[in-house]
Amino acid sequence: MLALDPQLIALAQENTRTATWEWTEATDELRWTSGQSEIYSRPPHEINCTEAWESLVHPDDRERLRSAVENALRTGTGYRERFRVEGKDGATLWILGYGRVVRDSEQRTKLIGVNLDMTDWVEALIASETRFTATFEQAAVGIAHVALDGTWLNVNRRCAEIVGYPKEELLGLKFSDITHPDDLEADWALVRELLEGERDTYSLEKRYFTKDGPVVWVNLTVSLVQKPDGSPDYFISVIEDITLRKRIEDERDELIVRLEERVRQRTAELERLSLTDPVTGIANRRSFDRCLEAEWDRAVRTRQPLSLILVDIDFFKNMNDSAGHSAADDALRAVASCLTQVAQRSADLAARYGGDEFVLILPDTSADGALRIANRVQDLIERLAVGNPGSSIDSAMTVSQGVATASPDSKGTWSSLLLEADRALYRAKQTGRARIAIAEPEACENSGHEDRRPPNS
């Protein structure tokens, strides 16, 4: 009979609950050489053959253990199996069994082996697995194990709830099957960086299509699990449903856009009001100054004429005193309406210059063209037939006009054109009112910065 090294047996038994045995195939004799009483709490003669031994093995493990033994005998090798047996008190023991085929001096086939009682270790492992399973399944976030090709290996309850798939159905899919196509390339790019060792983990906000169709937003955090040799094994994904947060963010962004649009509209309205005369609704002095400077610069570049018409209501102060402020304001609005009618082109501007005085800016307009427009203004004012009880020349409101035209160059300034139009208006009023006076072209282009002389109203 083959004997095991006593020192080896003693060393093993000092540190583990170990039983050693040998079994002879020809006689079906099972002989325990040490340790069986400590593990099984039975005398050797109660477990001295195959039938007696198999009666102790858990029914669910018998066929697997029998197949391992038969394969070892057929191949002349050995086996290593974990299985359960019944102890003397009925408790279940976990055994790690090793067996190896040998031949004795008579060339009889034997199995020699060792049984290690792993109950404490296995129970601790089972408890750990139970805790892990409970944590995995009850976690408030989705957790998934994903194969290197993207196949779902295992998912917890929350993960299945987030994407709306039964667990069994989800395990038949790949993550790419339910990922929004606009997010897929970014996800795969990060996966490749994990596999190439460029990063340890990654996080990504992405969209999944649920089973019923609606899109769900998630925050995905992925790490790579490696095999003992360092090669990639599988991915662990943590999936947090952020759909509500994204909806709130979208609503916030939409609100910001609407508020910005309202601010833009309000700013534009304030800008418009800052350039509009509140009584007549046409451009004010500020708008006129800005426009005239711009049109002068444009005329310098294009070498085109620029004309200006100053319009003044005759005896306006007397009208205001005799007819009242309301009637005077109505007269101002009537004149503004007439000027708006003649300022038809997009570049033309009709503005209230101040008090009873108005102005027309006429780009690309010659002196003859400006005179025609001034005559039309006179006609329109006459047709209005607005009464002016304060006038000493007519019972109806009349206006005086000063017309000036220049062909600007870089040496002059727009103020010279305004000054000459003002001088022409002064002449019109001094020579009887209700008429048009035209400035000399040379004066418009060569006039200096002189103070403006206020005409008598």
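1. L360 touches S307, L308, I309, L339, V342, A343, L349, A350, I373 and V377, leaving out residues up to four places away in sequence; contact means heavy atoms within 4.5 Å. The model is predicted: local features need pLDDT of at least 70, side-chain atom pairs count only at pLDDT 80 or more, and totals for chains, interfaces and linings use all residues. Residues are numbered from 1 along each chain as its sequence is written, and side-chain values use heavy atoms, with hydrogens and water left out.

2. L360 is also among the residues with the most contacts inside the largest nonpolar core, together with I309, I313, L339 and F358; this core has 28 residues. A nonpolar core is a set of buried Ala, Val, Leu, Ile, Met, Phe, Trp, Tyr and Cys residues joined through side-chain atoms within 4.5 Å. Two or more residues each come from β11, α12 (316–323), α13, β13, α14 and β14, and α13 gives the largest share, 8 residues. Helices (H or I, at least four residues) and strands (E, at least two) are DSSP runs, numbered from the N terminus.

3. An open sheet of 5 strands has the order β12-β13-β11-β14-β15, with mixed pairing; two strands pair if DSSP finds at least two bridges between them. β12 (349–354) and β15 (436–438) are the edge strands, each with a single partner, so one side of each lacks a neighbour in the sheet. Neighbouring strands are turned by 20 degrees against each other on average, direction ignored.

4. Within this sheet, β11 (residues 306–313) and β14 (residues 399–406) pair in the antiparallel sense over 8 bridges. V311 stands opposite Q401 in β14.

5. Helix α13 (residues 325–342) packs on the sheet, touching β11, β12 and β13 (357–363), and its direction makes about 5 degrees with that of β13. Helix α14 (residues 367–384) lies across β11, β13, β14 and β15, at about 165 degrees to β14. Axes are lines fitted to C-alpha atoms, for helices over the stretch in contact, and angles run from 0 to 180 degrees between N-to-C directions.

6. N284 lies in the loop between α10 (243–274) and α11 (285–302). At 14% relative accessibility, N284 counts as buried; buried means under 20% relative accessible area, exposed over 50%, partly exposed in between (1.4 Å probe, protein chains only). Leaving aside neighbours within four places in sequence, N284 is in contact with S274, L275, T276, D277, A351 and R352. The N284 side chain reaches the backbone nitrogen of R286 at 3.2 Å and that of S287 at 2.9 Å.

Methods. A polar contact is a pair of N or O atoms within 3.5 Å; within protein, one must be able to donate a hydrogen and the other to accept it, and residues adjacent in sequence count only if both atoms are side-chain atoms.
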